[in-house]
Amino acid sequence: MRNNINDRAGAIALCRIFGFQPKISKRIVEALGSCSALFGMSGQELEDLFGPYSKFRPLVSEKALRDAEQELERLESLGYRIITILDQDYPSLLKNCDDAPSCLFVRSASEPSEIFNSSTCISIVGTRDISMYGREFCTRIVRTLAQAPDRPAIVSGLALGVDITAHLAALDAGLPTIAVIPVGIDDIYPPSHRIAAGRIAAAEGSAIITDYPPGTAPLQINFIRRNRIIAGMSRSTILIESKAKGGGLLTARLAEGYGREVFALPGRIDDARSAGCNALIQQKIAEPICSLSTLPAVLGLGRSVIRRKADLEQELIARYPDNEDCRRVGIAVRENRGLTADELAGILDMRFRDVSRAISRLELDGFVSTDLLGRCAINVKIA
């Protein structure tokens, strides 16, 4: 047990010393086989390792490890967890990155084994200056992923705009979500998202995580370093909206650098908030999201058989016994694939607003998906 404590404390100390150069701490752990062995080395051994003039040499000491042990004790007394890069529960994809942090600080009501590696992680990122278009499709994308046979965990950065939209949509859809913050685990940034952060930490399989030690301020460079964790722990990254420069765009490029799949929501060529997305698509770094109904399969979240007409009718009757509009519209979509709400209203002789309301309900419940042009299709059936 003592060795386990030492290793966690050692990982915290490594984070404090080499936090902005995580490649060094990872190489140290790989070479020594533990997170604490460095702090037991003699002065000559440290000089041989770092050289006589290294800025790191004076920082590596027994006192640094003792201070980290005290910090570990305090954090655990507050209910936080510390996961080291050597732990089985450390995110497996992130561990493969050459700049993976030596430890992650975790705030969650769930066990680490329920948070990391139990679900496929999909990161959804983008601009803080989100448009109505971006907000709508960010929410619809998350709802669509919630209907996949392999339900993913949604990873983002708790920032304004796309990030918080993705987190809240995941919570509302019953998906786990992981927020990677640019400050210490004892803080939340932005402060306006404290209530949302509380919801995330309390939700099953969800968590607030960071590699920043307690007391870290939200400096601009911290956001850049934070983004590598979002990209690194995710199998795929989806960029919703981004200007020509921005944190979401950087995260997408980091994901591409890690060899991960990148997707982007196309936008108008004259909309500054879609400039980053359109550029990634043009550069063939990102695949465009052109259909919500096929997105889960494209992301590798599973394929299923299409609903048969008889099955669909029975499901609609069971789900909407008192909502004739949903039943009629659902059957009409099944029989007339690719029509818009306006076209369905004409076929059914219904008011557009009633058809639109029914489509929204059917989409929320996983029966229907619509593409970027508003054309409707029946979703695949979840096994």
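1. Basis of the note. Because the model is predicted, local features are taken only at pLDDT of at least 70 and side-chain atom pairs only at pLDDT 80 or more, while totals for chains, interfaces and linings use all residues. Residues are numbered from 1 along each chain as its sequence is written, and side-chain values use heavy atoms, with hydrogens and water left out.

2. Overall make-up. The protein has 17 helices and 11 strands, where helices (H or I, at least four residues) and strands (E, at least two) are DSSP runs numbered from the N terminus. Its C-alpha atoms fill a box of roughly 85 × 45 × 35 Å along the principal axes. Of the 383 residues, 54% are buried, a term that stands for under 20% relative accessible area, with exposed meaning over 50% and partly exposed in between (1.4 Å probe, protein chains only). Among contacts (heavy atoms within 4.5 Å) between residues at least 6 apart in sequence, 71% join residues at least 24 apart.

3. Two cavities of 30 Å³ or more turn up in a search of the whole structure; on a 1 Å grid over the protein atoms alone, a cavity is a set of points where a 1.4 Å probe fits but cannot get out, a pocket is an open set with protein on both sides within 12 Å along at least five of seven lines, and lining residues have an atom within 4 Å of a point. Volumes are the space filled by probe spheres set on the points, with grid points joined across faces, edges and corners. The largest cavity has a volume of about 40 Å³, and its lining includes Leu 14, Cys 15 and Phe 18 as well as Asp 211, Arg 225 and Arg 228. Helices H1 (2-18), H2 (22-32) and H10 (220-232) are the elements that give two or more residues to this lining, and H1 gives the most, with three. By class the lining has five nonpolar, three polar and three charged residues, where Ala, Val, Leu, Ile, Met, Phe, Trp, Tyr, Cys and Pro count as nonpolar, Asp, Glu, Lys and Arg as charged, and the others, Gly among them, as polar.

4. Second largest cavity. This cavity holds about 30 Å³ of space and is lined by Arg 140, Arg 143, Thr 144, Gln 147, Glu 363, Gly 366, Val 368 and Asn 379. Helix H7 (residues 132-146) gives the most to the lining, with three residues, and the classes come to one nonpolar, four polar and three charged.

5. Pockets. The largest pocket has a volume of about 370 Å³, and among its 22 lining residues Arg 128, Asn 227, Gly 246, Gly 247 and Gly 248 lie nearest its centre. H10 supplies the largest share of that lining, six residues. The second largest pocket, of about 290 Å³, is lined by 14 residues, of which Glu 136, Arg 140, Ile 359, Ser 360 and Glu 363 lie nearest the centre; helix H17 (352-364) and H7 each supply at least two residues of the lining, and the largest share, five, comes from H17. Arg 140 and Glu 363 also belong to the lining of the second largest cavity.

6. Helix H8. This helix (residues 162-173) has 12 residues and reaches 16 Å from its first C-alpha to its last, close to the 16 Å expected at 1.5 Å a residue, the expected span being 1.5 Å times one less than the number of residues. Nine of the 12 residues are buried, and the cover over them includes strands E3 (121-125), E4 (153-156) and E5 (177-180) together with H7 and helix H9 (194-202). Gly 174, which follows H8, has a positive phi near 80°.

7. Thr 120. This residue lies in the loop between helix H6 (112-115) and E3, and counts as buried because its relative accessibility is 14%. Its side chain is joined to that of Asp 150 by a polar contact of 3.1 Å, meaning a pair of N or O atoms within 3.5 Å; within protein, one must be able to donate a hydrogen and the other to accept it, and residues adjacent in sequence count only if both atoms are side-chain atoms.

8. Backbone features to inspect. Most residues other than glycine have a negative phi, and most peptide bonds are trans. The peptide bond from Tyr 189 to Pro 190 is cis, with omega near -5°, and Pro 190 is in the loop between E5 and H9. Asn 117 has a positive phi near 75° and, at 40% relative accessibility, counts as partly exposed. Lys 284, with a positive phi of about 60°, lies in the loop between helix H12 (275-282) and strand E9 (287-288) and counts as exposed at 74%.
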